[in-house]
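Have the viewer open as you read.

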Amino acid sequence: MAAPTSFLPLLLLAAALSLSTPAASTSRRLTQLDPTTTTTGFQVALTHVDSGKNLTKFQRLQRGINRGNYRLQKLTAMVLAQSTPDVAAPVVSGNGEFLMELAVGTPPVSYSAIVDTGSDLIWTQCDPCTNCYKQPTPIFDPSKSSTFAKLPCSSSLCSALPQSSCGSDGCDYLYTYGDYSSTQGVMATETFTFGGNKVKVPKVGFGCGEDNEGDGFTQGGGLVGLGRGPLSLVSQLKQPKFSYCLTSIDDAAGATSTLSMGSLAGPAGNSSATTGLIQNSAQSSFYYISLEGISVGGTGLSIPASTFALQSDGSGGMIIDSGTTITYLERSAFDEVKKAFKAAIDLPVDNSGSTGLDLCFDLPSGGGSGDIKVPTLVFHFKGADLELPAENYMIADSSVGLVCLAMGSSSGMSIFGNIQQQNFMVLYDLAKESLSFTPTQCAKS
């Protein structure tokens, strides 16, 4: 289906890009700290890992691209490992672009954790620690909590681990990420507190990490997996849905995104674009979606429908991922998108390679303010045509004189990244196996 208009104005103001945007269950009861009320959901703020740093927009973008390229390599390695019978240890996705605040134990000990829709395990560093990295908050000491309990080897969560062993006093785990960073320790249950210490959830299974290695974890004191597997926060809470609303890369450095769980997530509205979620038994943590085609400037591109298909061996397909900055398309599809944008934008192509992006254009000399016409971009998901605001795929910065397409190429798996998701309420409804995008101004005034 063609987009209603073929071109959108891209307005440059100083160094910023200003664009118009389109306009119950099996849940466990979560207890508020006010004993007179209960709730079946909570909401927390998400902070970008580069928030508070003195970075230009392009510097922030480049840091995200570097992390995204690394993450793409990890995800690709995971798919390849799945089809290799002699892999020594299972590897999973890890790291991400956003942090959430939460607390663990009784009394609660606050810390920040990386949020990752591509992995499952919830874990934090624990004392006594044989190998822990430096984290911004105190390391959790389970001996000081009245609600800490180790999980027995017979527990279902121990069985769900990709690699575990039965220690002298319970279930020991080793969780290895695609870059060979890892966390190792004992599985336990604890009371977790969310939403600015307003909602507490008892008996959450988590990894108490006593040996944690890797460069990607140092922004926080652990990780919260939001994947589809039984170890994730979503599965343990048995909440049928969750959503997030990610602020624009153009928003002020202090702008916070939001994560909503359970009853506070959604519902999808009349303006939502809704498509189905697909399960991949070979990669059970990921959220796969069916991409059937792409239109640029109102014209459908010559991309075979099979390009984005999930293969019988678990390879290929497209996942949606909050932890990857830009969208990566299978190479042949990306080449078609790139060709269409080069034909549609009447600006010189920049070949310096200074941004880390595949396609950039030189802004007119003199820069400053002015309108540049960019073609519309529509992703045709099964049952939903998602037209993106221009700022979700064209990133401009007059301070460096460039405007770039915020997409890249991959081999095999494609990823719908968080730049393309900004200023949408993205709702994962696991009961309905659906994913919805609702245009939303995510930055709180």
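This is a predicted model: local features need pLDDT of at least 70, side-chain atom pairs count only at pLDDT 80 or more; totals for chains, interfaces and linings use all residues.

You'll find S145 in the loop between β9 (123-125) and β10 (149-150).

What does the side chain of S145 pair up with? It makes a polar contact with the side chain of E190, at 2.5 Å. A polar atom of the S145 side chain also lies 3.0 Å from the backbone nitrogen of T106. Leaving out residues up to four places away in sequence, S145 touches G105, T106, F140 and E190.

## The nonpolar cores

The largest nonpolar core has 77 residues, and those touching the most other members are I294, I320, L329, F341 and F379. Take I294: setting aside residues up to four places away in sequence, its contacts include L329 and F379, along with T299, G300 and H380.

There's also a second, separate core, made of 19 residues, with F58, I319, C360 and M413 among them.

## The largest cavity

The largest cavity has a volume of about 170 Å³. Its lining has 17 residues, and H48, R60, I249, N418 and I419 are the closest to the centre.

Which helix gives the most to this lining? That's α1, with four residues. Both α1 (57-82) and α5 (418-421) supply at least two residues each. By type, the lining splits into six nonpolar, eight polar and three charged residues.

Definitions and conventions. Residues are numbered from 1 along each chain as its sequence is written. Side-chain values use heavy atoms; hydrogens and water are left out. A nonpolar core is a set of buried Ala, Val, Leu, Ile, Met, Phe, Trp, Tyr and Cys residues joined through side-chain atoms within 4.5 Å. Buried means under 20% relative accessible area, exposed over 50%, partly exposed in between (1.4 Å probe, protein chains only). Contact means heavy atoms within 4.5 Å. A polar contact is a pair of N or O atoms within 3.5 Å; within protein, one must be able to donate a hydrogen and the other to accept it, and residues adjacent in sequence count only if both atoms are side-chain atoms. On a 1 Å grid over the protein atoms alone, a cavity is a set of points where a 1.4 Å probe fits but cannot get out, and a pocket is an open set with protein on both sides within 12 Å along at least five of seven lines; lining residues have an atom within 4 Å of a point. Grid points are joined across faces, edges and corners, and a volume is the space filled by probe spheres set on the points. Ala, Val, Leu, Ile, Met, Phe, Trp, Tyr, Cys and Pro count as nonpolar, Asp, Glu, Lys and Arg as charged, and the others, Gly among them, as polar.
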